[in-house]
Amino acid sequence: MSDAKKLFIKTYGCQMNVYDSERMAEALGTSGYTTTDVVEDADMILLNTCHIREKAAEKIYSELGRFKGLKAENPDLKIGVAGCVAQAEGAEIMRRQPMVNLVVGPQTYHRLPEMMLEVEAGKKALDTDFPEEDKFDHLAKRPKAKRGPTAFLTVQEGCDKFCAFCVVPYTRGAEVSRPVDRILGEARDLVERGVREITLLGQNVNAYHGAGEGGDYTLARLIWVLNDIDGLERIRFTTSHPNDMDDTLIEAHGACEKLMPYLHLPVQSGSDKVLKGMNRKHTAKEYLRIIERIRKARPDILLSGDFIVGFPGETEDDFQDTMRLIEEVRYGQAYSFKYSTRPGTPAAERAQVDEAAKTERLYRLQALLARQQSEIQNEMIGRDVKVLFEKPGRLDGQMVGKSEYLHAVHVSDPNIATGDIKWVRITGSERNSLGGEILEKTAPVS
Ligand code: SAH
Ligand code: SF4
Ligand code: F3S
């Protein structure tokens, strides 16, 4: 056994939390921690949490309860809570669960090494500030070790949109964009470490406005400079707001070679009355018009969305408007949720839709979305796609990767290695993936 202290991190919520968990592990690396996948081996357990819906937030307390046994066996075990529940609930977490040693918000985790010194001295550490300084300027340098072929890169954080249902503007703070040179530096570093695909992250990633050489950079301008990095083969971004889909970004989808034909563009509802109640600041028609323009720029783009059913005031007619919008768009992929009241948000105070109606609407909505997903997957059969292989599949000799359209694709071919990009002819569709065969060609067959 080595002397290094072991850190176990569990990540909930969005991709930004996945990215933050990597950075927190790196920050704690400077305090002598190496990561482990075995919770029983841990000297420190860190939960990187999500506050978006009630269930997600409450889960944290049951999860913490489960660590009681581990703490009894190892009284030196340290337990920390990071992320959006930490930001929203702060010291309340330590009151409800006294064995928690550390609470750190999403904007202060660069201070983890100092906080750990306090914790190791037997004190409790709490930091949920929104500091002046940029955490990225203070975080540990990213390691040089080789890594997998895909990576997330946070370029923008926070949200100024204040949708009436959403906690993100409160847990992540105001919109901030990282400067272009830092992003380019990090992207080049990732590519040197073996990364071939980068997904740019932001709570409102297309609201990106970063400082760079020659002035202000929009997301499209940032993508164009990333497009010039040799060895970087694919660029994606998430999550976007319809109102920030500007002309240059739509154009980039048609013109930028490395930008993949996939767009996650949440609409939440197809009813103008509900959209107004949500403070989304766009109508269903305006959303459909944006989709139309994106499809004109890139006809084969695969669209993905988020939907909320049972928002306060939603009637069956409003719900039917959402179903019609879905029929019109045809989503290849989607996420849908029952509205969940969140403390401190405007919609939480309003008259609520009956729970049984929410459940039933979600059921119908998900059936429609599942049908669209499977139809679009079936249409891929016989087509040739380019797959970036990421890891071995479930079966012996199988490899799994993602197509340009973010479909998971598996092939059985012993010659494929992680990080390879190959043409694959799609031969079958399963529930959440496609199967195919490797093609020996370098250019697309039309
Ligand atoms: N910034 C992104 C999404 C952030 S949260 C955007 O603007 O779309 C991810 C998704 O969670 C949202 O798109 C929404 O569909 C869902 N969500 C957020 N708050 C919710 C709530 N209170 N109840 C149910 N779903 C919610
Ligand atoms: Fe939440 Fe709306 Fe901001 Fe998205 S745009 S993070 S849904 S407030
Ligand atoms: Fe959840 Fe925070 Fe992401 S609330 S969805 S982890 S920004």
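## Ligand surroundings

The model is predicted, with local features needing pLDDT of at least 70 and side-chain atom pairs counting only at pLDDT 80 or more, while totals for chains, interfaces and linings use all residues. Residues are numbered from 1 along each chain as its sequence is written, chains are lettered from A and ligands numbered from 1 in the order in which they are written, and side-chain values use heavy atoms, with hydrogens and water left out.

Ligand 2 is surrounded by Cys 159, Lys 161, Phe 162, Cys 163, Phe 165, Cys 166, Val 168, Pro 169, Asn 204, His 241 and Arg 280, a shell that divides into 7 nonpolar, 2 polar and 2 charged residues.

In the model, the span 145-375 is 39% helix and 19% strand, and its end C-alpha atoms lie 41 Å apart. Helices (H or I, at least four residues) and strands (E, at least two) are DSSP runs, numbered from the N terminus.

Cys 163 lies in the loop between β8 (156-157) and α8 (168-171), and Cys 166 is likewise placed in the loop between β8 and α8. Cys 163 counts as buried at 10% relative accessibility, and Cys 166 is buried with a relative accessible area of 14%; buried means under 20% relative accessible area, exposed over 50%, and partly exposed in between (1.4 Å probe, protein chains only). Leaving aside neighbours within four places in sequence, Cys 163 is in contact (heavy atoms within 4.5 Å) with Met 278, Asn 279 and Arg 280, whereas Cys 166, with the corresponding neighbours set aside, is in contact with Ile 52 and Thr 345.

Helix α15 comprises 25 residues (355-379), which at 1.5 Å a residue should span 36 Å, and its end C-alpha atoms are 36 Å apart, in agreement. The expected span is 1.5 Å times one less than the number of residues in the helix. The buried residues of α15, among them Leu 362, Leu 365, Leu 368 and Ile 376 but also Lys 358 and Arg 361, pack against β15 (302-309), α14, β16, β20 (421-429) and β21 (434-438).

Gln 373 of α15 is buried at 14% relative accessibility. Not counting residues up to four places away in sequence, Gln 373 touches Tyr 331, Gly 332, Arg 431 and Asn 432.

## Aromatic pairs

Rings of Phe, Tyr and Trp (its six-membered ring) pair if their centres lie within 6.5 Å; planes under 30 degrees apart count as stacked, over 60 as edge-to-face and the rest as tilted. By this rule the count comes to 5 aromatic pairs. One of them joins Phe 307 and Tyr 331 edge-to-face, at 5.2 Å centre to centre with 85° between the planes. This pair links distant parts of the chain, with Phe 307 in strand β15 and Tyr 331 in the loop between α14 and β16, 24 residues apart. Phe 307 is buried at 0% relative accessibility, and Tyr 331 is buried at 1%.

The rings of Phe 311 and Tyr 339 have centres 5.4 Å apart and planes at 75°, so this pair is edge-to-face. Phe 311 in the loop between β15 and α14 and Tyr 339 in the loop between β16 and α15 are 28 residues apart, and their pair links distant parts of the chain. Ring pairs link Phe 165, Phe 311 and Tyr 339 into a cluster.

## Backbone details

The peptide bond from Thr 238 to Thr 239 is cis, with omega near 0°, and Thr 239 lies in the loop between β13 (234-238) and α11 (247-255). Lys 281, although not a glycine, has a positive phi of about 65°; Lys 281 is found in the loop between α12 (272-277) and α13 (284-297) and counts as exposed at 60% relative accessibility. Arg 330, in the loop between α14 (316-329) and β16 (333-338), also has a positive phi, near 65°, and counts as partly exposed at 28% relative accessibility.

Conventions:
A residue is near a molecule or strand if one of its heavy atoms lies within 4 Å of it. Ala, Val, Leu, Ile, Met, Phe, Trp, Tyr, Cys and Pro count as nonpolar, Asp, Glu, Lys and Arg as charged, and the others, Gly among them, as polar.
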